[in-house]
Amino acid sequence: MALAMVLLVSSALLIETFRQLRSVDPGFEAASVLVARIELPRGYWEPTISGDFFEDFRKRVAALPGVDGAALSMGVPLEARAEFFVDESTFQIDGRPLPLSERPVARMHIVSPDFFETMRVPVRDGRAFDARDTIDSLPVVVTNQTMADRYWPGENPIGQRLTHDLVFVSGEKNDREVVGVVGDVRHFDLDRPADAQMYLPHSQRAWPTQALLIRSSVDPLSLAGPVRDVLWGMDDAIPVASMATLGNVIATELSSPRFRATLTGVFAATALLLAAIGLYGLMAYSVSCRTHEIGLRMALGASSGEILRLVVGQALRLTAVGVALGSVAALVAAGLLMDLLFGVGTTDVPTFVVVASVVLGVAVLASFVPARRATRVAPLVAMRGE
């Protein structure tokens with residue numbers, strides 16, 4: 001029972017972690033979105049060439065029947081390799097000069113103007129990117145709410161200027177004006193709050209590897225064929241590196257916590273079943289050894305209810321000791337699981353109470369059959385051998 005208690009508490013904590021992760025708002029709507037990742041060959045690596053190609057491709061896909069919106073992004077939110085396609089840069093805000101080693105850091109995403117609308121990311125202040133943001137126009141940037149609150153507390157970030165230190169190609173303009181603030185998006189992990197993030201317009205900083213995010217009013221996977229046809233109609237030598245729904249991308253992100261919860265759940269259920277069988281066998285043996293005693297008790301006037309309480313009480317006392325020992329061991333085990341937990345503490349009282357109640361309930365059920373059998377002992381038969 002003590003070992004079962006340890007496994008049940010661990011399983012309950014991991015299941016609650018999985019439930020909490022599933023309920024996290026990632027900051028965007030994943031339903032009905034198809035993700036097609038395209039990697040252009042070297043001949044398209046010139047920024048102006050790759051930028052024009054991807055924008056033409058996006059417009060053609062957006063015109064397909066059943067497509068409600070299409071956007072480009074260098075990284076796919078919550079994709080396993082999302083961080084590989086997102087750069088991190090130090091930056092400084094105009095009027096606040098700092099040495100390079102002391103400058104703040106923010107993630108840099110390259111997206112098309114339709115990204116926020118397609119992903120249903122709310123624009124909190126200012127504007128999103130639009131047709132005004134070209135390679136020849138004023139370089140602009142959109143920040144997330146966390147970055148705006150952290151670096152412009154109590155101020156309006158719109159119109160502020162910042163300079164990011166990371167440049168992708170020689171001569172790139174890195175002095176940008178903040179034109180908008182959008183909601184926080186958990187791009188990398190559901191269990192980590194969004195950090196400071198800045199978005200650069202694809203029209204000003206094209207990249208040869210992009211993901212096309214397609215929001216549809218039909219089954220997203222039904223658009224896979226038409227999207228390939230559009231791409232190969234433009235250049236049949238360019239493959240689609242990968243294609244999946246955004247829902248599957250998130251499901252992959254949740255696969256590890258789901259596996260841990262399932263595995264420990266199976267072990268816990270098995271341990272509880274074995275403990276119940278063992279307790280049943282122990283109580284059945286105990287009843288058989290005490291047949292004469294029980295018969296004598298009933299001959300002296302003990303009721304069936306009293307005999308039931310006698311046998312079940314013995315089982316509950318044993319189980320209570322197991323629960324007490326198991327609770328202490330479960331606290332130690334939960335501490336070892338700390339890095340795997342989210343939204344639940346290692347000393348979560350409701351979890352321990354529920355698990356202890358389950359174990360005690362199983363003990364009652366496991367001991368009820370032997371206890372019921374004890375109440376049917378005929379006093380004269382039980383004492384005949386004395």
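**Figure 1. The side chain of S112 and the backbone of L72.** In this predicted model, the side chain of S112 reaches the backbone nitrogen of L72 at 2.8 Å. S112 itself sits in the loop that runs between β4 (105–111) and α3 (115–118). Its relative accessibility is 0%, and because buried means under 20%, S112 counts as buried.

**Figure 2. The side chains of H187 and Y199.** H187 is placed in the loop between β8 (175–182) and β9 (197–201), and its side chain makes a polar contact with the side chain of Y199 at 2.8 Å. Is H187 buried or exposed? With a relative accessibility of 4%, H187 counts as buried.

**Figure 3. S255 in helix α7.** S255 belongs to helix α7, which covers residues 255–289, and a polar atom of the S255 side chain lies 2.6 Å from the backbone oxygen of T252. S255 has a relative accessibility of 32% and therefore counts as partly exposed, a class that lies between buried, under 20%, and exposed, over 50%.

**Figure 4. Helix α7 packed with helix α10.** Two packed helices are described by the angle between their axes and the distance between the axes. For α7 and helix α10 (residues 349–375), the angle is about 30 degrees and the axes are 9 Å apart. This angle makes α7 roughly parallel to α10, and α7 passes α10 in a right-handed crossing. Which residues of α7 meet α10? On the α7 side they are L272, A276, L279, Y280, M283, A284 and V287, and the residues they meet in α10 include V358, V362, A366, P370 and R373.

**Figure 5. Helix α9 packed with helix α10.** Helix α9 (residues 304–336) also packs with α10, here at an angle of about 150 degrees and with the axes 8 Å apart. Because angles over 145 degrees count as roughly antiparallel, α9 is described as roughly antiparallel to α10. As with the helix pair in the previous view, the crossing of α9 and α10 is right-handed.

**Figure 6. Positive phi at S32 and R120.** S32 is not a glycine, although its phi is positive, at about 65 degrees, and it is found in the loop between α1 (2–23) and β1 (33–39). R120, likewise a residue other than glycine, has a positive phi near 60 degrees, and its place is in the loop between α3 and β5 (123–126). S32 counts as partly exposed because its relative accessibility is 34%, and R120 is partly exposed with a relative accessible area of 38%.

**Figure 7. Confidence along the predicted chain.** The chain averages a pLDDT of 88, and 95% of the residues score at least 70. Among the elements of the chain, strand β6 (residues 140–144) has the highest mean pLDDT, 96, whereas helix α11 (residues 379–383) has the lowest, 58. Where pLDDT is low, the predicted coordinates should not be read in detail.

Key:
Residues numbered from 1 in each chain as written. Predicted model: local features only at pLDDT ≥ 70, side-chain atom pairs only at ≥ 80, totals over all residues. Heavy atoms only, no water. Helix = DSSP H or I, 4+ residues; strand = E, 2+ residues; numbered from the N terminus. Buried < 20%, exposed > 50% of the residue type's maximum accessible area, 1.4 Å probe, protein only. Polar contact = N/O pair within 3.5 Å; in protein donor to acceptor, adjacent residues only side chain to side chain. pLDDT = per-residue confidence, 0-100. Axes fitted to C-alpha atoms, helices over the stretch in contact; angles between N-to-C directions. Parallel < 35°, antiparallel > 145°, perpendicular 65-115°, else oblique. Left-handed = near helix turned anticlockwise from the far one by under 90°. Contact = heavy atoms within 4.5 Å.
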